Amino acid sequence: MNRTRCVGAVAVATAAVLVAAGPAGAGTAATTYDTSTSVGVHNAYEKDKYPYFADALDSGAALLELDLWSNGFGSSFRVSHSNPLGNDNNCENAANAAELRTKSRNQSFGGCLADMRAWHDANPGHRPILVKIEMKDGFNAKGGRGPAEFDSLVREKLGDAVYGPGELTAGHANPDEAVRAGGWPTRADLAGKFLFELIPGTVEEDNPFDKLWTDVEYATHLKDLAGQGALARSTAFPAVHGATAGDPRTRYADPALRPYFVVFDGDAATYLNGSIDTAWYDTRHYLLVMTDAHKVAPEIDATRPTEAEAQGRVGQLASSHASFATADWYPLPSVLKAVVPRGA
């Protein structure tokens with residue numbers, strides 16, 4: 001059973017922080033993706049955090065979150081926190097690096113992906129970036145905004161800059177088999193790549209009429225693609241959302257879906273409350289995203305803790321087997337660039 005480690009152990013973990021200094025993170029390039037802990041920014045598309053999404057990409061953060069809407073009367077996948085019908089974000093749909101920070105913002109998801117490609121082309125060999133997608137109201141396959149359309153748009157905009165389930169699973173039956181065989185590449189091998197994580201959204205989870213959540217819908221999509229020998233078309237890793245004890249995949253009634261979940265995402269304070277064996281994720285090489293890192297006792301500031309406090313919290317979560325510690329620490333770029341050995 002996991003227990004939060006003492007302050008002395010946290011200090012040791014903090015001292016082990018390695019700051020990315022090269023394209024793939026100097027000193028950590030040989031570390032496999034599942035054996036490191038890094039830092040993410042919640043809702044990195046918000047203009048009060050970063051004037052442009054290019055600024056978020058420049059921040060050094062290993063995880064950047066976007067909120068997507070697909071239903072209602074709006075078109076395309078919209079990027080916004082609370083407006084389901086329009087776009088409210090720092091993306092600008094740049095055609096190339098010269099256009100970054102020059103165009104109108106408030107673009108659709110395709111515009112955010114275009115910015116990522118323009119930035120990628122200007123920063124070859126950049127750190128691997130996990131793009132966390134909260135599907136606020138879920139997919140809308142009937143409206144032409146389902147998993148297949150999501151994959152098509154991501155592949156169209158990013159091409160070979162995407163590392164998805166097909167790449168991970170090559171030579172194995174499914175993602176679970178791949179990662180448990182040590183299938184995650186090194187950080188050096190993932191240099192220049194974007195990975196995508198999908199979680200069900202707050203509106204979707206609170207909608208009593210929504211019986212098909214993002215996690216199940218996209219995992220079913222992966223299973224169907226695998227059956228067609230077409231898993232290479234996929235772009236995202238569905239996450240089991242919510243911190244619970246045991247194997248959280250048992251919630252899925254169809255056991256055939258469970259091997260398509262190798263990413264888990266939930267509240268850091270719950271993961272560290274002593275009821276969950278977080279080493280279970282680490283030993284199986286699963287990625288574990290711990291959110292609201294600041295809320296773990298003793299709480300620290302949600303946005304502007306001291307650098308020492310934030311680094312200490314990253315070390316604490318790393319020692320508890322997190323793959324990513326996320327918060328709103330955008331004012332602390334040195335912390336965002338931190339890469340810590342997982343489980344140390």
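1. Basis. The model is predicted, so local features need pLDDT of at least 70 and side-chain atom pairs count only at pLDDT 80 or more, while totals for chains, interfaces and linings use all residues. Residues are numbered from 1 along each chain as its sequence is written, and side-chain values use heavy atoms, with hydrogens and water left out.

2. Y33 and F324. The structure holds 17 aromatic pairs (rings of Phe, Tyr and Trp, the last by its six-membered ring, with centres within 6.5 Å; planes under 30 degrees apart are stacked, over 60 edge-to-face, the rest tilted). Y33 and F324 form an edge-to-face pair, because their ring centres are 6.0 Å apart and their planes stand at 65 degrees. Y33 is in the loop between β1 (18-19) and β2 (36-41) and F324 is in strand β10 (residues 324-327), so the pair ties together parts 291 residues apart in sequence. Helices (H or I, at least four residues) and strands (E, at least two) are DSSP runs numbered from the N terminus. Both Y33 and F324 are buried (under 20% relative accessible area; exposed is over 50%, partly exposed in between; 1.4 Å probe, protein chains only).

3. F77 and F109. This aromatic pair is also edge-to-face, at 6.3 Å centre to centre and 85 degrees between the planes. F77 counts as buried at 4% relative accessibility, and F109 is buried at 0%. Ring pairs join F77 and F109 with F139, F150, F196 and Y218 in a cluster.

4. Largest pocket. A pocket is an open set of points on a 1 Å grid over the protein atoms alone, with protein on both sides within 12 Å along at least five of seven lines; lining residues have an atom within 4 Å of a point. Of the 21 residues lining the largest pocket, H42, E65, K132, E134 and T291 lie nearest its centre. Elements giving two or more residues to this lining are β3, β5 (129-135), β6 (194-200), α7 (202-206) and β8 (263-267).

5. T326. This residue lies in strand β10 and counts as buried, at 5% relative accessibility. Leaving aside neighbours within four places in sequence, T326 is in contact (heavy atoms within 4.5 Å) with G40, L63, V289, M290, T291, D292 and A293. T291 is also among the residues nearest the centre of the largest pocket.

Terms used
1 Å grid on protein atoms, 1.4 Å probe; cavity = no way out; pocket = protein on both sides within 12 Å on 5 of 7 lines; lining within 4 Å.
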